[in-house]
Amino acid sequence: MNQDRSADERDQSLDEVVRASKQAVAERLRHIRQHHPEGPFTLATLADRTHVSARTLAQAESAEGANVTLETLAKVAHSLGIRRIAYFLDEAVFQQVNAELDMLTQMREQGVEGVVARRAAPTGLPPASVEQLARLLHGIVANAEQARTALQELPPAQ
(Lines give C-alpha, C1' and ligand atoms only; values in the text may rest on other atoms or scores of the structure.)
Protein backbone atom coordinates (compact mmCIF):
# COMPACT_ATOMS: atom_id res chain seq x y z
CA MET A 1 0.00 0.00 0.00
CA ASN A 2 2.81 2.46 0.83
CA GLN A 3 4.35 1.87 -2.58
CA ASP A 4 0.98 2.67 -4.22
CA ARG A 5 0.73 5.92 -2.29
CA SER A 6 4.26 6.89 -3.21
CA ALA A 7 3.49 6.27 -6.88
CA ASP A 8 0.25 8.26 -6.58
CA GLU A 9 2.08 11.08 -4.83
CA ARG A 10 4.77 11.08 -7.52
CA ASP A 11 2.13 11.17 -10.24
CA GLN A 12 0.36 14.04 -8.49
CA SER A 13 3.65 15.87 -8.03
CA LEU A 14 4.48 15.36 -11.71
CA ASP A 15 1.02 16.59 -12.67
CA GLU A 16 1.61 19.72 -10.59
CA VAL A 17 4.98 20.33 -12.26
CA VAL A 18 3.44 19.89 -15.71
CA ARG A 19 0.54 22.22 -14.85
CA ALA A 20 2.90 24.87 -13.46
CA SER A 21 5.14 24.57 -16.52
CA LYS A 22 2.20 25.01 -18.90
CA GLN A 23 1.05 28.05 -16.95
CA ALA A 24 4.54 29.56 -17.01
CA VAL A 25 4.81 29.08 -20.78
CA ALA A 26 1.33 30.59 -21.22
CA GLU A 27 2.21 33.64 -19.11
CA ARG A 28 5.53 34.18 -20.87
CA LEU A 29 3.98 33.81 -24.31
CA ARG A 30 1.26 36.31 -23.40
CA HIS A 31 3.86 38.64 -21.87
CA ILE A 32 6.11 38.73 -24.93
CA ARG A 33 3.15 39.15 -27.27
CA GLN A 34 1.91 42.14 -25.28
CA HIS A 35 5.26 43.73 -24.33
CA HIS A 36 7.59 43.11 -27.27
CA PRO A 37 9.24 46.35 -28.49
CA GLU A 38 7.59 45.93 -31.89
CA GLY A 39 4.22 45.00 -30.38
CA PRO A 40 1.86 44.60 -28.85
CA PHE A 41 0.73 41.90 -31.24
CA THR A 42 -2.73 40.46 -31.65
CA LEU A 43 -2.95 36.69 -31.82
CA ALA A 44 -3.70 37.00 -35.55
CA THR A 45 -0.65 39.20 -36.18
CA LEU A 46 1.62 36.88 -34.21
CA ALA A 47 0.15 33.90 -36.05
CA ASP A 48 1.01 35.52 -39.39
CA ARG A 49 4.48 36.36 -38.20
CA THR A 50 5.23 32.90 -36.78
CA HIS A 51 3.32 30.72 -39.25
CA VAL A 52 1.58 29.14 -36.26
CA SER A 53 -2.22 29.18 -36.16
CA ALA A 54 -3.93 31.74 -33.96
CA ARG A 55 -5.88 28.85 -32.41
CA THR A 56 -2.65 27.12 -31.35
CA LEU A 57 -1.31 30.37 -29.89
CA ALA A 58 -4.60 31.03 -28.05
CA GLN A 59 -4.56 27.53 -26.58
CA ALA A 60 -0.93 27.97 -25.52
CA GLU A 61 -1.85 31.25 -23.79
CA SER A 62 -4.94 29.85 -22.08
CA ALA A 63 -5.08 29.71 -18.28
CA GLU A 64 -4.53 25.94 -18.33
CA GLY A 65 -1.83 26.21 -20.96
CA ALA A 66 -1.54 23.60 -23.66
CA ASN A 67 0.85 20.91 -24.75
CA VAL A 68 2.65 23.35 -26.98
CA THR A 69 5.47 21.86 -29.04
CA LEU A 70 9.08 22.94 -28.97
CA GLU A 71 8.68 23.69 -32.66
CA THR A 72 5.94 26.21 -31.86
CA LEU A 73 8.02 27.83 -29.13
CA ALA A 74 11.03 27.98 -31.46
CA LYS A 75 8.95 29.61 -34.21
CA VAL A 76 7.59 32.23 -31.82
CA ALA A 77 11.00 32.96 -30.31
CA HIS A 78 12.68 33.18 -33.72
CA SER A 79 9.98 35.42 -35.20
CA LEU A 80 10.39 37.86 -32.30
CA GLY A 81 14.18 37.91 -32.44
CA ILE A 82 14.63 35.86 -29.28
CA ARG A 83 17.52 33.48 -29.77
CA ARG A 84 16.98 31.47 -26.61
CA ILE A 85 13.97 29.16 -26.60
CA ALA A 86 14.64 28.80 -22.87
CA TYR A 87 12.89 32.19 -22.61
CA PHE A 88 9.64 30.25 -22.26
CA LEU A 89 11.02 27.65 -19.86
CA ASP A 90 13.60 29.28 -17.57
CA GLU A 91 12.83 32.18 -15.24
CA ALA A 92 16.39 33.58 -15.33
CA VAL A 93 16.45 33.64 -19.14
CA PHE A 94 12.95 35.16 -19.16
CA GLN A 95 14.09 37.98 -16.86
CA GLN A 96 17.35 38.59 -18.75
CA VAL A 97 15.72 38.74 -22.19
CA ASN A 98 12.98 41.05 -20.88
CA ALA A 99 15.65 43.38 -19.43
CA GLU A 100 17.39 43.42 -22.82
CA LEU A 101 14.11 44.13 -24.62
CA ASP A 102 13.28 46.91 -22.15
CA MET A 103 16.65 48.49 -22.86
CA LEU A 104 16.02 48.21 -26.59
CA THR A 105 12.65 49.92 -26.15
CA GLN A 106 14.24 52.77 -24.20
CA MET A 107 16.95 53.22 -26.80
CA ARG A 108 14.34 53.38 -29.58
CA GLU A 109 12.33 55.93 -27.61
CA GLN A 110 15.47 58.08 -27.39
CA GLY A 111 16.01 57.93 -31.12
CA VAL A 112 18.86 55.41 -31.21
CA GLU A 113 18.65 53.84 -34.64
CA GLY A 114 21.38 51.26 -34.37
CA VAL A 115 24.07 49.83 -32.18
CA VAL A 116 27.27 48.18 -33.27
CA ALA A 117 28.56 45.51 -30.94
CA ARG A 118 31.80 43.65 -31.27
CA ARG A 119 33.10 40.83 -29.19
CA ALA A 120 36.57 39.49 -29.86
CA ALA A 121 36.21 36.48 -27.60
CA PRO A 122 33.65 35.03 -25.20
CA THR A 123 33.53 37.12 -22.06
CA GLY A 124 33.17 34.22 -19.70
CA LEU A 125 31.21 36.52 -17.41
CA PRO A 126 28.86 34.81 -15.04
CA PRO A 127 25.15 35.54 -15.62
CA ALA A 128 25.01 37.74 -12.50
CA SER A 129 27.74 39.98 -13.94
CA VAL A 130 25.97 40.21 -17.28
CA GLU A 131 22.77 41.13 -15.46
CA GLN A 132 24.62 43.76 -13.41
CA LEU A 133 26.12 45.20 -16.61
CA ALA A 134 22.66 45.31 -18.21
CA ARG A 135 21.32 47.21 -15.17
CA LEU A 136 24.27 49.62 -15.35
CA LEU A 137 23.64 50.30 -19.04
CA HIS A 138 19.94 50.70 -18.31
CA GLY A 139 20.83 53.35 -15.70
CA ILE A 140 23.13 55.17 -18.13
CA VAL A 141 20.38 55.29 -20.74
CA ALA A 142 17.86 56.55 -18.16
CA ASN A 143 20.28 59.26 -16.94
CA ALA A 144 20.95 60.37 -20.52
CA GLU A 145 17.21 60.74 -21.07
CA GLN A 146 16.87 62.81 -17.88
CA ALA A 147 19.77 65.02 -18.93
CA ARG A 148 18.28 65.54 -22.38
CA THR A 149 14.92 66.48 -20.86
CA ALA A 150 16.60 68.91 -18.43
CA LEU A 151 18.55 70.55 -21.25
CA GLN A 152 15.43 70.97 -23.35
CA GLU A 153 13.75 72.77 -20.44
CA LEU A 154 16.53 75.38 -20.15
CA PRO A 155 15.72 78.83 -21.48
CA PRO A 156 17.36 79.69 -24.81
CA ALA A 157 20.84 81.27 -24.64
CA GLN A 158 20.87 85.04 -25.18
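Colour the protein chain by secondary structure. Follow the chain along its sequence and the pattern reads α-α-α-α-α-α. Keep in mind that this is a predicted model.

**The whole chain**

Stay zoomed out for a moment. The protein chain has 158 residues, and 22% of them are buried. Now think about contacts between residues at least 6 apart in sequence. Of these, 59% join residues at least 24 apart.

**Helix H4**

Select residues 70–79. This is helix H4. Which residues of H4 are buried? Show the side chains of Thr72, Leu73, Val76, Ala77 and Ser79: these are the buried ones. Then step past the helix to Gly81, which follows H4. The phi of Gly81 is positive, near 75 degrees.

**The aromatic cluster**

Next, select Tyr87, Phe88 and Phe94. Ring pairs link these three residues into a cluster. How many aromatic pairs does a search of the whole structure find? The search finds two. To describe such a pair, give the distance of the centres and the angle of the planes.

Begin with Tyr87 and Phe88. Their ring centres are 5.2 Å apart. Their planes stand at 90 degrees, and over 60 counts as edge-to-face, so this pair is edge-to-face. Tyr87 and Phe88 are both buried.

Turn to Tyr87 and Phe94. Here the ring centres are 5.0 Å apart. The planes meet at 50 degrees, so the pair is tilted.

What lies over the face of Phe94? Arg28 does, at 5.0 Å from the ring centre.

**Helices H5 and H6**

Now select residues 91–109 for helix H5 and residues 127–152 for helix H6. Their axes come within 10 Å of each other. The axes cross at roughly 20 degrees. Angles under 35 degrees count as roughly parallel, so H5 and H6 are roughly parallel to each other. The crossing of H5 past H6 is left-handed.

Finish with the side chains where these helices meet. On H5, show Gln96, Met103, Gln106, Met107 and Glu109. On H6, show Val130, Ala134, Leu137, His138, Val141 and Arg148. The H5 group meets the H6 group here.

Technical notes: Residues numbered from 1 in each chain as written. Predicted model: local features only at pLDDT ≥ 70, side-chain atom pairs only at ≥ 80, totals over all residues. Heavy atoms only, no water. Phe/Tyr/Trp six-rings, centres within 6.5 Å; stacked < 30°, edge-to-face > 60°. Buried < 20%, exposed > 50% of the residue type's maximum accessible area, 1.4 Å probe, protein only. Lys NZ or Arg CZ within 6 Å of the ring centre and 35° of its normal. Helix = DSSP H or I, 4+ residues; strand = E, 2+ residues; numbered from the N terminus. Axes fitted to C-alpha atoms, helices over the stretch in contact; angles between N-to-C directions. Parallel < 35°, antiparallel > 145°, perpendicular 65-115°, else oblique. Left-handed = near helix turned anticlockwise from the far one by under 90°. Contact = heavy atoms within 4.5 Å.
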